[in-house]
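Please look over the model below before reading on. The points that follow take the chains in turn and then the place where they meet.

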Amino acid sequence: MPRNLTVSEQVETLYNAVPTSGEIPYDTLATNVIATGNKDALNHLFPLKRQGRLNVRTEINPETGKPTTYVSRA
Amino acid sequence: MATFMYFTIQDGDNDKSTIEIPFPNSFDLSHTANAVAAFGAVINPLLNGGLKAAGIRLEIDLSATWGPTSLLIADIQEQAQFLFRVVGGFPKILNLPTFIETFFTGGGSEKTVDMTATEVVDFVNAMEDGLTVNSVLYQPSDYRGADIVSTESAVQHWGRNRS
């Protein structure tokens, strides 16, 4: 059974799951992080945004009317 | 000063509650329909109830878009309470009635909103940083028009039954 990650390890797990260039849809990012067994790392999305390490933007697809949130490294 | 976007939410007993999201007074009223539809798109996935109407200065019928398609379990009194902070640290509270139970984590009276759920991330980021529609950004604020900069907490809340 894998050990629980420390808070700083969770932060880096999330940050490292974001591509070094370009954006990733949050849904894909969450799927990738959950697959590593570290779902709690996702709780650091907004703190990392506030720290200026991640950019997070939400856009409505004009054709479907549905929102998508994109994450990228700052 | 702010402009107020409101949403009327209906539950399974046809009880209704209205929430308001302020925008700075720079909000362009000619974009009302786009902005209302955009914020409806991030609020509706969080609710068991149905969005019945919305608007700013004129009411827009949402029956052809989001509902009202209230589930029988939808209850106006079951809410999620979001506490946002604006520039200067002032609070901005927004209660979302008929919030879907599965978006809560924890148990008993200590339930909090799951801030990792995609639908919650969409809504929270829209409140903090706005929503982009056709390259136009719609950015909420508090009642004074101050920019929302962070989310301090999001918890289960039991509200009044209003109709």
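**Notes on the two chains**

The crossing of α1(A) and α2(A) is right-handed.

1. That crossing belongs to a predicted model. The helices involved are α1 (residues 7-17) and α2 (residues 26-35) of chain A, whose axes come within 10 Å and cross at roughly 130 degrees. Angles of 65 to 115 degrees count as roughly perpendicular and those over 145 as roughly antiparallel; α1(A) and α2(A) are therefore oblique to each other.

2. Which residues make this contact? From α1(A) come A:Thr13, A:Leu14 and A:Ala17, and from α2(A) come A:Leu29, A:Asn32 and A:Val33. By class, the contact of α1(A) with α2(A) has four nonpolar residues, two polar and no charged.

3. Chain A as a whole contains three helices and three strands. Their order along the sequence is α-β-α-α-β-β. The C-alpha trace of chain A spans about 45 × 25 × 20 Å along its principal axes.

4. Of the 74 residues in chain A, 23% count as buried. Among contacts in chain A with a separation of 6 or more, 51% are between residues 24 or more positions apart.

5. Chain B has two helices and 11 strands. Along the sequence they follow the pattern β-β-α-β-β-β-β-β-β-α-β-β-β. Chain B has 163 residues, and 43% of them count as buried. For contacts in chain B between residues at least 6 apart in sequence, 61% join residues at least 24 apart.

6. Helix α1 of chain B covers residues 32-43, and its length can be checked. How far should its 12 residues span at 1.5 Å a residue? The expected span is 1.5 Å times one less than the number of residues, so the helix should span 16 Å; its end C-alpha atoms are 16 Å apart, which agrees.

7. Which residues of α1(B) are buried? They are B:Ala35, B:Val36, B:Ala38, B:Phe39, B:Gly40, B:Ala41, B:Val42 and B:Ile43.

8. Where the chains meet, 19 residues of chain A are in contact with 19 residues of chain B. On the side of chain A that touches chain B, the elements giving two or more residues are α2, α3 (45-50), β2 (54-60) and β3 (67-73) of chain A. The largest share, five residues, comes from β2(A). This side of chain A has nine nonpolar, four polar and six charged residues.

Terms used: Residues numbered from 1 in each chain as written. Chains lettered and ligands numbered in written order. Predicted model: local features only at pLDDT ≥ 70, side-chain atom pairs only at ≥ 80, totals over all residues. Helix = DSSP H or I, 4+ residues; strand = E, 2+ residues; numbered from the N terminus. Buried ≥ 20, exposed ≤ 12 C-beta atoms within 10 Å, placed from the backbone. Axes fitted to C-alpha atoms, helices over the stretch in contact; angles between N-to-C directions. Parallel < 35°, antiparallel > 145°, perpendicular 65-115°, else oblique. Left-handed = near helix turned anticlockwise from the far one by under 90°. Contact = placed C-beta atoms within 7 Å. Nonpolar A, V, L, I, M, F, W, Y, C, P; charged D, E, K, R; others polar.
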